[in-house]
Amino acid sequence: MPATPLSLDRARHLDVPDGRIAYHETGLTDPAAPVIVWVHGLPLDSRSWAAQREFFDTRARNVFLDLRGYGASSKLPPHVTGVTALYVADLAALIQHLGLAAPLLVGFASAGHVALRFAAEHPHLVGKLAVINGSPKFRRSADWPYGFDEKGIAHFTDAAAEGGIEGITDAVLDPEVVFADVDAARAAELGAWFREMSRDAGVRTLLGFFEDISLDDDRALLPDIEAPTLLMTSTIGQEVPSGVSLYLRTTIARARLAELPGADHFAFATRPELVNSLLHSFLAS
């Protein structure tokens, strides 16, 4: 870990319908400082942004959100459907509660998906948008060659059914699939750290992606995104192929695309210097 992670015990909380969400505020307190809202992806929580917190705490006011089910936030409501809509509503509630004006919203992977929908549905609450390996649609179809097919989804749901949280965590953080851009020691370090966050989230939270979010098709919403958008894509990541970001670049009006050469899926953690530099330039532009 590049820096001391956030402590879940020190999170603040906001009551929302059927639960509460946890968040941390760090960095600058100057009212004129730029604001960044960080939203983690599967199977992580706000602690995973340690390298970004270390870099941006001297450059911005930072708000780190734990999505429902993750970190110090409450679990998903019973029988919930429309998990993306729930996450979007929670994010809107937090931004409005804190009175954040035109923040930069950063979302990774499944939270990149959430951020895309949020920016389309709440353009007045977003100043800029940055998406790291996010997608509007995570399942393949006749007109969408990217993402998981039915067999791919079953790989994760079967792992959960057979092995519980350890089984699905093993599948999500399979060293044969992720961390290909770091050496074995660093891969083991990140894997152990990320596994802790995955265990804390639990099976039901992770299945909220594979059984619910992955069914979304938000391509029709993309033209509604007004905010300047930075799309970052890992060139060797298998979960979200680079073609997805190329599609987003041509569909979102004010988007720019940055390829992360030789980077794998969790680029914000494996290539933090590159990701932080791109985000810093985007924030200042």
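In which strand is Phe64 found? Phe64 lies in strand E4 (residues 61–66); strands are DSSP runs of at least two residues (E), helices of at least four (H or I), numbered from the N terminus. The model is predicted, so local features need pLDDT of at least 70 and side-chain atom pairs 80 or more, while totals for chains, interfaces and linings use all residues. Residues are numbered from 1 along each chain, and side-chain values use heavy atoms, without hydrogens and water.

Phe64 counts as buried because its relative accessibility is 0%; buried means under 20% relative accessible area, with a 1.4 Å probe and protein chains only. Its contacts (heavy atoms within 4.5 Å) include Leu6, Ala22, Trp38 and Trp49. The C-alpha atoms of Phe64 and Ala22 are 8.6 Å apart, although 42 residues separate the two along the chain.

Helix H3 (residues 110–121) is largely enclosed by the rest of the structure, because 11 of its 12 residues are buried. Among them are His113, Arg117 and Phe118. The cover over the buried residues includes strands E3, E5 and E6 and helices H2, H6 and H7.

Helix H4 (residues 150–172) also meets H6 (residues 203–210). Their axes, lines fitted to C-alpha atoms over the stretch in contact, come within 10 Å and cross at roughly 155 degrees. H4 is therefore roughly antiparallel to H6, a term for angles over 145 degrees, on a scale from 0 to 180 between N-to-C directions. Contact residues include Phe156 and Ile165 of H4, and Leu206 and Phe210 of H6.

Technical notes
Angles under 35 degrees count as roughly parallel, over 145 as roughly antiparallel, 65 to 115 as roughly perpendicular and the rest as oblique. Buried means under 20% relative accessible area, exposed over 50%, partly exposed in between (1.4 Å probe, protein chains only). Lists of a residue's contacts leave out its neighbours within four places in sequence.
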